[in-house]
Amino acid sequence: MEYKRAFDAHGEKIGGVEIESETTGRITAVFATLHVVDLDGDVTEPGAFTDGAPVMISDWNHTSWGAAKPVGKGFIYENGSEAILEGQFFMNTTHGRDAFETVKELGELASFSYGFDVDDAVKAPRDSRYGPEHRRTLRKMTVHEVSPVLVAAGINTRLLAVKSGGRLDARTQAELRAMRDQLEDDERAALFALKGRLDDDIQRAAALAELKELGRAAGYLVGYRSIAAHEVWPDVRQAAEEAAAKHRPGTRIHWFVREHDRARVEFVDEAMDGCCIPEARASDIWIHADVTADRAYEVAAHEAAHLDGADEQAATLAGLRAVFERGGRS
């Protein structure tokens with residue numbers, strides 16, 4: 001078994017400590033730093049510590065390896081370039097409370113070390129990029145305990161937080177209740193507004209469906225249904241696919257026909273030879289199957305232009321230009 005030694009010279013420390021009023025003995029601490037040479041000449045690789053491994057918290061300077069009782073317990077994990085202890089001191093014991101109060105009072109001055117067994121390590125190469133102080137690389141360890149120490153062998157070991165519990169003062173409780181009540185009021189208002197918008201959307205959709213059906217019955221709108229590609233005349237299908245491949249590769253083509261049987265109508269719209277929905281189906285176009293091959297080519301180019309952001313006038317010009325260019329090649 002090994003443990004990181006304490007030194008007479010101070011190690012490097014950074015950062016502040018979050019301390020709240022009525023503490024319950026919980027701490028968060030950095031007990032090792034990865035990818036640096038520590039004061040023992042060791043470099044610790046990422047993965048050397050087992051995330052979630054349980055450990056004891058030893059009394060001061062690893063003295064729980066002797067006669068001193070453990071003062072707490074916790075688990076360890078790696079976070080970026082640091083090894084972290086999430087610990088709980090034994091607050092129901094005198095030695096646990098005393099150890100915790102010492103660490104808490106030290107605050108930014110607190111340092112940490114750990115006792116471990118080496119499971120995998122290699123000797124440092126002579127030309128180590130970490131410099132001549134590098135003597136070995138620790139690849140895997142079993143950590144038994146983490147201990148507060150006077151000065152740690154590790155670099156930047158420090159206390160991150162002393163976490164609180166217990167009752168809050170009356171003023172803080174009142175402020176939190178006011179914040180909660182305000183959040184509840186805001187959430188309730190947002191829900192009512194959302195319900196109102198949904199109701200409006202439902203009413204508009206119902207009204208639009210009714211108007212479309214009335215328009216279809218009056219002859220202003222047309223009923224359509226979709227058909228499979230193999231039901232389309234080969235020359236029409238090939239022309240549309242040719243245009244789509246040239247003007248917008250990757251576009252999928254769907255086909256529809258006019259439907260007079262109300263029971264088979266899938267959608268109702270104005271008379272049209274093609275359409276697309278750029279905001280929802282950015283790679284799909286629909287083409288009327290009962291058009292000529294030249295018209296299918298034009299419609300495919302027209303709708304492909306819409307998918308690329310063209311307005312109606314620009315898309316119309318794109319379709320006409322495509323037919324002209326196609327005819328010019330034949």
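Predicted model: local features only at pLDDT ≥ 70, side-chain atom pairs only at ≥ 80, totals over all residues.

Biologist: How far does H1 reach from its first C-alpha to its last?

Modeller: H1 covers residues 94–106, which is 13 residues. The expected span is 1.5 Å times one less than the number of residues. For H1 that expectation is 18 Å, and the helix comes close to it, reaching 18 Å.

Biologist: Why do the buried residues of H1 line one face of the helix?

Modeller: Buried means under 20% relative accessible area, exposed over 50%, and partly exposed in between (1.4 Å probe, protein chains only). Gly96, Ala99, Phe100, Val103 and Lys104 are buried in H1, whereas Thr94 and Glu105, on the other side, are exposed. An α-helix has 3.6 residues a turn, so residues three or four places apart point the same way. Seen down the axis of H1, with directions taken from the axis to the C-beta atoms, the buried residues line one face because they fall within an arc of 135°.

Biologist: Which backbone nitrogen does the side chain of Asp51 reach?

Modeller: Asp51 sits in the loop between strand E4 (42–44) and strand E5 (53–57). Beyond its neighbours within four places in sequence, Asp51 is in contact (heavy atoms within 4.5 Å) with Ile76, Tyr77 and Glu78. Asp51 and Tyr77 are 26 residues apart in sequence, yet 4.1 Å apart in space, C-alpha to C-alpha. At 2.8 Å, the side chain of Asp51 reaches the backbone nitrogen of Glu78.

Biologist: What are the edge strands of the open sheet of 5 strands?

Modeller: Two strands pair if DSSP finds at least two bridges between them. E11 (residues 222–227) and E12 (residues 252–258) are antiparallel over 4 bridges, while E12 and E15 (residues 281–288) run parallel, joined by 5 bridges. The order is E13-E11-E12-E15-E14, with mixed pairing. The strands that each pair on one side only are E13 (267–269) and E14 (274–277).

Conventions: Residues numbered from 1 in each chain as written. Heavy atoms only, no water. Helix = DSSP H or I, 4+ residues; strand = E, 2+ residues; numbered from the N terminus. Polar contact = N/O pair within 3.5 Å; in protein donor to acceptor, adjacent residues only side chain to side chain.
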